[in-house]
Amino acid sequence: MSRRDAMWWQRLPEMDVQEALDVEASLGFGDRFAAVDAVLGRLLGQSLRGEAVAVVTPAARSGEADQVGIKGLTDAQARWAGGFYGVAEQQQRGAWYLPERVSLKAGTVNLPHLLRHRPAHALTLAGDDVARVFLTDGATDAVLLWSLLVPLFDTLMEPVRMRATGPTGSVEEQLQLWETVENRYRLLGIGAGALDMFQFQGGWHRLDRKAQQRARVELVDVLADTDPIRLAARHRMTQLQALMGAFAKKAKSGTPLARRVLTRALQPVLSAYFQGDWLAALDYLQAQCHPDEEIITTLPEPRLFVGLAAEADRVAAQEGIAAEEMQAMLAAFLGGSTSLSPVEERPAALRRWWEAFDAVHAVQATGMRPLWGLIDEGIVTPSERGPIPRLYRELLPGKVTGDVDRLWERVTLPRYPERLVGNPHPHQLMAAAFGPAAELWHGVALTAWYVCEGPYSRSSLSFLSRKYGPQLAALSAAGTPVDPALFKELVAAEALLGPEEERHLSRHESQVDTDIGTFTMTTSYGSWIRRDGFEYLRDIVTRHRRAWADTYLDNYLRGRWHSELEAVAHAYHRTVAAKGRPPTLKQFAQFAAQAANHWCGGDLGALYTAIGEPAPAVQQRPDRFADQDAFTIASQVYQALGGTPMREDQAVHQPEEARRNWELSRLASESLRYIQLHEALGEPPSPRQFGATRLPWPWPGGESEGWPLYQQIIASLGDAAASLPAQDTEQPAGLDVPHAGAEHAVPMAKGANTSLSTEPVKVHITAHGAPVDVSALLLNPGRTVRSASDLVFYNHPCQDGVEASAHTVTATLEHLPGDVHAVMVVVSIDLEAEPASVFDHRNTWEATIVQDGHTWQFQPPRFTSNETVAVAVEIYRRAQGWKIRAIGQGYDTGLAGLATDYGITVDS
């Protein structure tokens with residue numbers, strides 16, 4: 001090819017798209033994209049005709065990745081796409097830039113389908129349909145979505161999105177925005193008339209809701225009438241023109257290096273059209289490779305420098321060097337005063353902790369306190385129905401708790417890695433390092449206790465294997481499986497437990513004389529069911545726990561640190577391959593902080609040494625701001641903020657005071673993070689650094705009034721830290737809560753129901769963690785709302801005898817119309833306050849039902865599927881009376897999903 005032909009592409013960035021395609025085709029350079037254009041054209045055509053092409057499977061539990069799939073390709077196209085967009089195949093060609101984690105807007109790809117089939121809810125559903133995936137886990141369809149589909153559908157659906165969000169900016173800015181959209185449509189070959197109704201000052205605001213829905217569908221119709229292969233090819237050329245322009249800009253003195261051209265915006269282009277292969281892109285451009293270009297096709301195998309002390313003695317003897325001298329050399333290499341790696345210290349401490357943990361569980365007996373709290377869950381606000389604060393300090397040996405305090409006392413914050421800061425929850429971090437085995441064995445033992453001793457259990461024995469399915473799967477994947485016979489034995493043992501015995505905190509009998517005789521009236525409060533036989537269940541669990549530990553514990557603990565460190569080493573090498581240079585300390589912290597916190601006391605330098613790489617900087621170790629434990633700090637802040645003793649009945653009788661206390665307790669909990677930020681920054685954090693807008697500020701002046709007081713209170717803790725006791729096991733007076741059962745509430749399990757009288761009934765929701773909104777739905781016999789007015793919430797607080805105020809729903813049953821068959825009480829996370837929160841082990845709620853002196857309480861099982869909305873309880877007609885049922889049904893589709901189920905139009 002001549003020099004002139006070699007530069008064939010240089011004028012293309014400035015050409016009309018169709019003219020550029022013609023030039024490409026005339027020189028034979030377009031044939032290489034035929035398969036890509038065909039795949040994109042097929043999926044585009046199906047989507048515009050109204051078919052869903054992207055499928056999202058939500059993760060089973062928080063922290064895990066969602067799964068995405070593409071449907072609609074022919075078998076041959078699916079096989080081709082599997083090879084072209086496979087992660088391993090792309091990385092073998094040098095595409096190490098593929099992001100490890102990414103949020104894919106699958107809803108954007110499915111928006112044409114939703115606009116046709118769910119027009120009233122399409123935009124809400126599309127906004128909720130986001131897949132959070134680990135792109136480097138090998139998901140072919142995820143790479144195809146990220147690189148090929150989402151960029152095109154972002155462009156096509158931009159007019160719909162802009163009209164949904166409403167006008168922003170000045171008139172000039174809006175005119176410029178719409179000019180950009182129209183230009184993008186013109187480049188794709190779509191007539192300007194398609195946007196007449198959407199464009200600025202085109203009359204959109206005069207359309208009612210139905211007309212707007214029709215206009216969206218009409219736009220999709222226009223797009224569907226366009227040849228999808230032609231549209232795919234034109235989109236491809238716009239992407240390649242951007243790549244050519246960036247290449248030309250960096251090619252002033254010859255072919256540039258890939259990393260100088262491939263910005264984050266252009267990386268998907270290389271993956272979409274060249275399989276992530278920079279050499280293939282250079283071939284397309286007929287350009288020579290830069291002499292310093294290094295295409296890494298495989299990463300080095302991770303090598304870990306842990307456990308070298310014994311090897312050092314062997315080498316010393318072999319080389320005739322004194323063992324002490326060799327150990328001193330090893331200590332210098334490790335950067336410490338001993339030849340023992342910090343990674344080695346922690347598994348040894350975890351084994352000692354396990355032995356103490358096992359011994360406590362093995363002697364648990366009827367009449368003792370429950371062991372909820374033996375593992376720290378990071379909850380610093382006491383609750384009658386929560387873990388016992390700092391129970392591990394009371395029951396575990398001081399040597400064990402001291403080791404945990406010392407080894408896990410500091411952490412690295414990924415955003416501020418320059419300093420090692422204090423860790424307010426060393427025992428929680430230790431449990432996280434131990435991993436799923438601690439969670440499983442502790443949870444099974446607690447379930448055995450609560451099934452027998454009450455007051456209630458979140459799981460039955462028969463459900464245990466499903467409840468702990470993720471932990472069991474993780475243990476099996478690690479090669480340390482739990483014997484399934486454990487669960488079979490527990491289920492069989494349940495039949496051998498003693499008969500159910502009703503227990504009461506208070507029971508009173510009195511004689512009542514009537515015209516027809518004398519009756520005994522019994523009044524009881526705080527009742528629950530218990531059964532003899534806990535020790536039998538305990539011994540089954542203990543036998544299996546010890547058998548598992550004897551067989552697997554050492555290998556399990558080695559696997560825990562080894563797998564995390566290997567993952568860090570792999571991520572390090574992948575970063576070097578993608579960027580051509582080692583990561584900075586901050587970049588390293590993004591993927592290494594968790595492993596450093598688990599196994600190196602937060603010390604990134606020690607982790608660098610463990611993976612055999614030089615650290616770019618040494619972290620500072622500032623003095624601890626306060627030496628008290630988390631519970632003591634949070635308690636002091638709560639009292640200083642004006643929090644009063646929290647009682648369960650306060651939620652019913654003093655809802656506003658209860659709400660304020662809850663908000664203050666949340667601020668108290670967050671004070672621990674404030675202190676960490678103070679240590680990381682070297683100064684008090686600003687409201688923006690702290691994220692103050694995410695939190696409630698229960699003062700008349702809101703944040704502006706509460707923030708200075710908050711800072712002053714926390715600052716006083718640092719000033720007085722030396723004079724305050726570090727380990728006070730007595731509960732602070734300001735956080736006193738009643739003893740269990742003092743409210744005489746009858747616990748309700750999920751699905752349980754009980755009869756009500758015709759007196760008014762109150763349902764109060766107490767939330768822990770993220771703030772929630774409480775609403776109610778009035779349902780007809782067909783279990784749908786009669787109209788939009790049957791949604792009772794803060795903007796419409798009263799309807800036909802049902803009122804919603806703060807976190808309480810009151811139903812005056814005698815005032816409910818005959819066509820109202822049920823009242824559903826709904827709990828939803830306040831996504832304006834915390835848009836990323838879901839119901840999980842941190843964000844929980846419980847319902848307290850009060851009627852005519854009787855109280856019931858329902859705490860649902862833990863939600864595990866990213867639910868943000870839940871139906872708490874249902875008040876419903878039964879025969880001639882009323883009953884209430886504990887529901888606990890969550891929705892991972894948000895309010896839109898619940899609305900669909902009960903006939904609510906979201907726009908209403």
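1. Ring pairs join eight named aromatic residues into a cluster: Trp353, Trp354, Phe357, Phe434, Trp441, Trp548, Tyr552 and Tyr556. The structure discussed here is a predicted model, and a search of the whole of it finds 40 aromatic pairs. One of them is formed by Trp353 and Phe357, whose ring centres are 4.8 Å apart with planes at 20°, so this pair is stacked. Both residues belong to helix H19 (residues 342–362), where they are four residues apart, about one turn of the helix. Trp353 is buried at a relative accessible area of 2%, and Phe357 is buried at 0%.

2. A second aromatic pair deserves a separate comment. The rings of Trp845 and Phe858 have centres 6.0 Å apart and planes at 75°, so the pair is edge-to-face. Trp845 lies in strand S20 (residues 844–851) and Phe858 in strand S21 (residues 854–858), 13 residues apart, and the pair thus links distant parts of the chain. Trp845 has a relative accessible area of 1% and is buried; Phe858, with 0%, is buried too.

3. Not counting residues up to four places away in sequence, Trp548 touches Trp354, Ala437, Trp441, Leu475, Thr480, Pro481, Val482, Leu553 and Tyr556. Trp548 is also named in the aromatic cluster, together with Trp354, Trp441 and Tyr556.

4. Leu219 is found in helix H12 (residues 209–224) and counts as buried, at 1% relative accessibility. Leaving aside neighbours within four places in sequence, Leu219 is in contact with Pro159, Val160, Tyr185, Ala194, Leu195 and Phe198. The C-alpha atoms of Leu219 and Asp196 are separated by 9.9 Å, the two residues being 23 apart along the chain.

5. Strand S3 (residues 101–104) has two contrasting faces: Val102 and Leu104 are on the covered one, Arg101 and Ser103 on the uncovered one. S3 runs antiparallel to strand S4 (residues 131–134), to which four bridges join it. Within this pairing, Leu104 stands opposite Ala131 in S4.

6. An open sheet is formed by seven strands, in the order S11-S21-S20-S13-S18-S17-S16, with mixed pairing. Strand S11 (746–748) and strand S16 (798–799) are at the edges with a single partner strand each, so one side of each is left without a neighbour in the sheet. Strand S17 (residues 802–805) and strand S18 (residues 808–811) run antiparallel and are joined by four bridges. Glu803 has Thr810 as its bridge partner in S18.

7. Is Asn780 buried or exposed? Asn780 is buried, with a relative accessible area of 18%, although the residue lies in a loop, between strand S14 (772–779) and strand S15 (791–792). A polar atom of the Asn780 side chain lies 2.8 Å from the backbone nitrogen of Gly782. Beyond neighbours within four places in sequence, Asn780 is in contact with Val785, Arg786, Asp819 and His821.

8. In helix H35 (residues 894–901), the buried residues are Gly894, Ala896, Gly897, Leu898 and Ala899. The elements that cover them include helix H8 (122–128), S14, strand S19 (822–829), strand S22 (869–878) and strand S23 (881–891). Gly903 follows H35 and has a positive phi, near 75°.

9. A final point concerns confidence. The chain averages a pLDDT of 86, and 88% of the residues score at least 70. Over residues 720–743, however, pLDDT stays under 50, and the model has 52 contacts beyond four places in sequence for this stretch.

Definitions and conventions:
Residues are numbered from 1 along each chain as its sequence is written. This is a predicted model: local features need pLDDT of at least 70, side-chain atom pairs count only at pLDDT 80 or more; totals for chains, interfaces and linings use all residues. Side-chain values use heavy atoms; hydrogens and water are left out. Contact means heavy atoms within 4.5 Å. Two strands pair if DSSP finds at least two bridges between them. Buried means under 20% relative accessible area, exposed over 50%, partly exposed in between (1.4 Å probe, protein chains only). A polar contact is a pair of N or O atoms within 3.5 Å; within protein, one must be able to donate a hydrogen and the other to accept it, and residues adjacent in sequence count only if both atoms are side-chain atoms. pLDDT is the predictor's confidence in each residue, from 0 to 100. Rings of Phe, Tyr and Trp (its six-membered ring) pair if their centres lie within 6.5 Å; planes under 30 degrees apart count as stacked, over 60 as edge-to-face and the rest as tilted.
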